[in-house]
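Q: Hi, I have a protein model to look at for class, and I'd like to talk it through with you.

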Amino acid sequence: MSHYMDLASKRGLAYRCMKCLPPSSYIGEKGRVEAHIWKHHIPLNESPFFCSLCLFRATREGEIRRHVMTFPSHLLQKNKLMASNKFVGDEYYLKKSSNPYHLTPLDLVPMTHQESHDFWSTKRKRVEQPKGLQSGSVSLSPVHLAPLPVAPVHLAPLPVAPAQTLDPLLSSSTFLYKL
Ligand SMILES: [Zn+2]
Ligand SMILES: [Zn+2]
C-alpha cells in the first residue's frame with residue numbers, strides 16, 4: 001500500500017456531467033464540468049451573463065466585464081469590427097439573461113472516491129509523467145554531455161642540432177703542436 005498514491009484525496013473528487021450522453025460524459029474537476037455545462041448544454045441567452053460578440057459566458061458580472069480586456073476571441077472580433085468601423089463599444093455586446101439557468105446538483109454529480117482516483121490516474125498518464133517520478137517532482141531532461149573536442153596536438157619534431165663533429169684536421173694539428 002505504500003506506493004498507492006491517493007489521487008482522489010490529492011485532487012478532489014471528479015465530477016461527471018449528467019447532461020452528456022453516456023458513455024462519453026465529460027468528467028473533470030467540478031469547476032471545469034460547470035464551465036463545460038454552460039458552454040455545451042445551456043443556450044447562450046440562458047447564461048446569466050454573456051457576450052453577443054464572442055459568445056463568452058459568465059455566471060458573474062465581474063467576469064463578463066473582465067473578458068473584454070483579456071479574452072482572445074473577443075479581442076479578435078473587436079479588431080475585425082474596428083477595422084471596418086463597425087465596432088460600437090464593448091458595453092453594447094454584454095448581455096444579462098432575463099431567464100438565467102441555474103445549475104442544479106443533478107447536472108453534475110461527484111464520482112466515488114475510487115472512481116475519482118482511477119480517473120485522475122488515467123489523466124496523469126496523458127500528461128506524460130515519466131514512470132517512477134512522483135507527480136510534482138520536476139523532471140529534468142537528461143543532460144547529454146558532448147565529449148569535449150580535443151584538438152590533436154601535432155608536435156613538430158624538434159630541430160635536431162647536427163652532432164658536433166670534431167674536425168679531424170684540427171685535432172690532428174693540435175696533436176701536432178704538442179709534439
Ligand atoms: Zn456534458
Ligand atoms: Zn466577448
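Q: What is the bridge partner of C51 in β5?
A: In strand β5, C51 has L94 as its bridge partner. This is a predicted model, in which local features need pLDDT of at least 70 and side-chain atom pairs count only at pLDDT 80 or more, while totals for chains, interfaces and linings use all residues. Residues are numbered from 1 along each chain as its sequence is written, and chains are lettered from A and ligands numbered from 1 in the order in which they are written.

Q: And which sense do β3 and β5 pair in?
A: Strand β3, residues 49-51, pairs with β5 in the antiparallel sense over 3 bridges; strands are DSSP runs of E with at least two residues, helices are runs of H or I with at least four, and both are numbered from the N terminus. Two strands pair if DSSP finds at least two bridges between them.

Q: What order do the strands of that open sheet have?
A: The order is β4-β3-β5, with antiparallel pairing in this open sheet of 3 strands. Its edge strands are β4 (57-58) and β5 (94-96), each of which pairs on one side only.

Q: Changing topic, which residues make up the largest nonpolar core?
A: That core has 10 residues in all, including Y15, I37, F119 and W120. A nonpolar core is a set of buried Ala, Val, Leu, Ile, Met, Phe, Trp, Tyr and Cys residues joined through C-beta atoms within 7 Å, and a residue is buried if 20 or more other C-beta atoms lie within 10 Å of its own, exposed if 12 or fewer, and partly exposed in between, with C-beta atoms placed from the backbone.

Q: Which elements give two or more residues to this core?
A: Those are β1 (15-17), α2 (30-41) and α6 (113-126).

Q: Is L76 buried or exposed, and why?
A: L76 is exposed, because it has 12 other C-beta atoms within 10 Å. This residue is found in helix α4, residues 72-83, and its C-alpha is 8.8 Å from that of C54, although L76 and C54 are 22 residues apart in sequence.

Q: What does the protein average in pLDDT?
A: The average is 80, and 67% of the residues score at least 70, where pLDDT is the predictor's confidence in each residue, from 0 to 100. Over residues 132-140, however, the pLDDT is below 50. Where pLDDT is low, the predicted coordinates should not be read in detail.

Key:
Two residues are in contact if their C-beta atoms, placed from the backbone, lie within 7 Å.
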